Amino acid sequence: MDKNEDHVKMRILQATKKLAATKGFEATSVREICKEANANISLVSYYYGGKEPLFEAMLKEFIPIPLFAEHIRREEVDPIQGMKRLIEEMYHFCKCDPEISDIIHQEFTLHSQRIDIIQKYTLPVWQLLRHYLEHGLQQGTFYFRSLNHTSLQVMGSILFSSNDVKSLTVVTLLDIQRSVETDQLEELTQYILRGLGCTNEQIAIS
């Protein structure tokens, strides 16, 4: 495949992401995608085999979760350091590409048939989160009652904090000063780890 083909394919994927985030994937037509991408409508079938396979191609291109989850797991760090890395990677991913987060939220809200495809690309981070929580609990580093509830609370904190639209709404309503981004990540990390029972000393050392 030459560079021009790569460029066209990327334009199609970017157009798909943009329109799916604003209109919803179901409501977005192949014609609209190709118009946005300035590409021939036949190329969606040629490159991807149709609209539905295009959805998975978009996720594969723009969701780095399987790659960074595997990379973090191979580092074989302790639960606190592992949680720090996971929080940082997820925070930056959601912060840098809110469109993907919006698409995933829409599909789950609609209980769409694409949820199984989404889980293929998002499940690794949930598995990694549970891995560190379970190991931290076994080692006496973390304390919590329910693994399922704690996993949801941790991930919910990350997703909300990294969503500018949602967090800015709360900041505006409460009339509080918004932290700079580096402070937000640090505060989020400390909030989660302290909630799991870590001391300031443990957080600083790891």
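Analyst: Helices (H or I, at least four residues) and strands (E, at least two) are DSSP runs, numbered from the N terminus. By that rule the protein has 12 helices and zero strands. This is a predicted model, where local features need pLDDT of at least 70, side-chain atom pairs count only at pLDDT 80 or more, and totals for chains, interfaces and linings use all residues. Residues are numbered from 1 along each chain as its sequence is written, and side-chain values use heavy atoms, with hydrogens and water left out.

Now the pocket. On a 1 Å grid over the protein atoms alone, a pocket is an open set of points where a 1.4 Å probe fits, with protein on both sides within 12 Å along at least five of seven lines. Lining residues have an atom within 4 Å of a point. The volume of the largest pocket is about 690 Å³, counted as the space filled by probe spheres set on the points, which are joined across faces, edges and corners.

Its lining has 24 residues. Nearest the centre lie Ser-101, Ile-104, His-105, Trp-126 and Leu-159. Four helices each supply at least two lining residues: H6 (79-96), H7 (98-109), H8 (115-139) and H9 (147-161). By type, the lining holds 15 nonpolar, seven polar and two charged residues. Here Ala, Val, Leu, Ile, Met, Phe, Trp, Tyr, Cys and Pro count as nonpolar, Asp, Glu, Lys and Arg as charged, and the others, Gly among them, as polar.

For the wider setting, buried residues (under 20% relative accessible area, 1.4 Å probe, protein chains only) make up 42% of the 206 residues.

Notes
Buried < 20%, exposed > 50% of the residue type's maximum accessible area, 1.4 Å probe, protein only.
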